[in-house]
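Have a look at the picture, then read on.

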Amino acid sequence: NSTIPLRKYSLSDFEIGRKLGKGKFGKVYCVRDKKTGFICALKAMEKKELTEFKVEKQFRREVEIQSNLRHPNCLRLYGYFHDQTRVYLILEYAIHGELYRFLKQKRIFNDVAASHYISQMASALNYLHKKHIIHRDIKPENILLGFNNIIKISDFGWSVHTPSNKRTTMCGTLDYLPPEMVEAKVHNEKVDVWALGVLMYEFLVGAPPFEDQYKNTTYKKIAKVDLNIPNFVNKDAADLIRKLLQYNPENRYPLDKIDDHPWILKNKVYWN
Ligand SMILES: Nc1ncnc2c1ncn2[C@@H]1O[C@H](COP(=O)(O)OP(=O)(O)OP(=O)(O)O)[C@@H](O)[C@H]1O
Ligand SMILES: O=C(O)c1cc(-c2cccc(F)c2)nc2ccccc12
Ligand SMILES: [Mg+2]
């Protein structure tokens, strides 16, 4: 979409640095572009694995969606290339890795940090929803941390265009699923607003609200919105969590109003 010709990249254009992590299909390295000195993250995926797990179509959709996003809180996909055996994604480098690691380290975030993260998430999700994209996999593992507490939503592998009734054979956690997906109903971008409520609860309490050792108990708690907010949670925060975790998708708090909510306003830190 840019007028300047996009450079054709290959592996030899990069100096390979530290391994940043390993996902289901991808290994991710910190790399430097030899010509420009630009530091980025290179995600290498085995073609045969993408084919074996029949995720090639989903993967191409992830690449298509993410390469067209331009928002400070959405991890940039600068480009991609492939060789005989692998496909490589050239991604923005998030210096502090997964927000999940920080949450596990700190157990819970204080109201100032949590509200700053939630405000950035609302801004990113609002941007995606205006482009009729739902992320559908919002959870701490898929949020990366850049410099200066700037968060970057990554992993657009489950994103789709609204509305969708795509059956999701979700592997991994059910904790972030909204009632309409638990009941396999048609769902829309409001699933991300629900997930934002789950995320906010987990930031402040240290565990997701409907977590249970048995999956079908979690299902039941979600379908009933069986929500208990501990009383150590600030009352303004509890108010916003309740407004996000509404059973009816249409009643969920609008993302573009989040920055005006008392809990966000009173925890905003201004530099004079
Ligand atoms: N752009 C990045 N900057 C810094 N670290 C990254 C970046 N991308 C990935 N990582 C690290 O590499 C790990 C694996 O990457 P990623 O999550 O994208 O793999 P994945 O295929 O999505 O795996 P999964 O689907 O299981 O999450 C991440 O959990 C993170 O720790
Ligand atoms: O051999 C190929 O043409 C091939 C290309 C790509 C690919 C190339 C650019 C972007 C992208 F998202 C995917 N993915 C694959 C996945 C599995 C097997 C083969 C391929
Ligand atoms: Mg991931």
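## The second largest pocket

Strand 4 gives the largest share of the lining of the second largest pocket, namely six residues. Helices (H or I, at least four residues) and strands (E, at least two) are DSSP runs here, numbered from the N terminus. A quick word on ground rules: this is a predicted model, where local features need pLDDT of at least 70 and side-chain atom pairs count only at pLDDT 80 or more, while totals for chains, interfaces and linings use all residues. Residues are numbered from 1 along each chain as its sequence is written, chains are lettered from A and ligands numbered from 1 in the order in which they are written, and side-chain values use heavy atoms, with hydrogens and water left out.

The second largest pocket has a volume of about 790 Å³. Of the 25 residues in its lining, Leu6, Arg7, Tyr78, Gly79 and Tyr80 are the closest to its centre. A pocket, on a 1 Å grid over the protein atoms alone, is an open set of points where a 1.4 Å probe fits, with protein on both sides within 12 Å along at least five of seven lines, and lining residues have an atom within 4 Å of a point. Grid points are joined across faces, edges and corners, and the volume is the space filled by probe spheres set on the points.

Helix 2 (56-67) and strand 4 (77-82) each supply at least two lining residues. By type, the lining splits into 12 nonpolar, seven polar and six charged residues. Nonpolar covers Ala, Val, Leu, Ile, Met, Phe, Trp, Tyr, Cys and Pro, charged covers Asp, Glu, Lys and Arg, and the others, Gly among them, are polar.

## Strands side by side

Strand 1 (residues 14-22) and strand 2 pair antiparallel over six bridges; two strands pair if DSSP finds at least two bridges between them. These two strands form a hairpin with three residues between them. Ile16 has Val31 of strand 2 as its bridge partner, and Val31 in turn has Cys40 of strand 3 as a bridge partner.

Strand 2 (residues 26-33) runs antiparallel to strand 3, with seven bridges joining them. Another of their bridges links Arg32 to Ile39. This hairpin has five residues between its strands, and Gly37 in the turn has a positive phi of about 75°.

On to strand 5 (residues 86-91), which pairs with strand 3 in the antiparallel sense over six bridges. Ala41 has Leu91 as its bridge partner there. Why is strand 3 (residues 39-46) largely enclosed by the rest of the structure? Because seven of its eight residues are buried, meaning under 20% relative accessible area (1.4 Å probe, protein chains only).

A polar backbone atom of Glu92 is 2.7 Å from a nitrogen atom of ligand 1. An oxygen atom of ligand 1 lies 2.8 Å from a polar side-chain atom of Asp155.

Asp155 also meets His135, whose side chain reaches the Asp155 backbone oxygen at 3.0 Å. His135 sits in the loop between strand 6 (133-134) and strand 7 (143-145), and counts as buried at 0% relative accessibility.

Terms used: Buried means under 20% relative accessible area, exposed over 50%, partly exposed in between (1.4 Å probe, protein chains only). A polar contact is a pair of N or O atoms within 3.5 Å; within protein, one must be able to donate a hydrogen and the other to accept it, and residues adjacent in sequence count only if both atoms are side-chain atoms.
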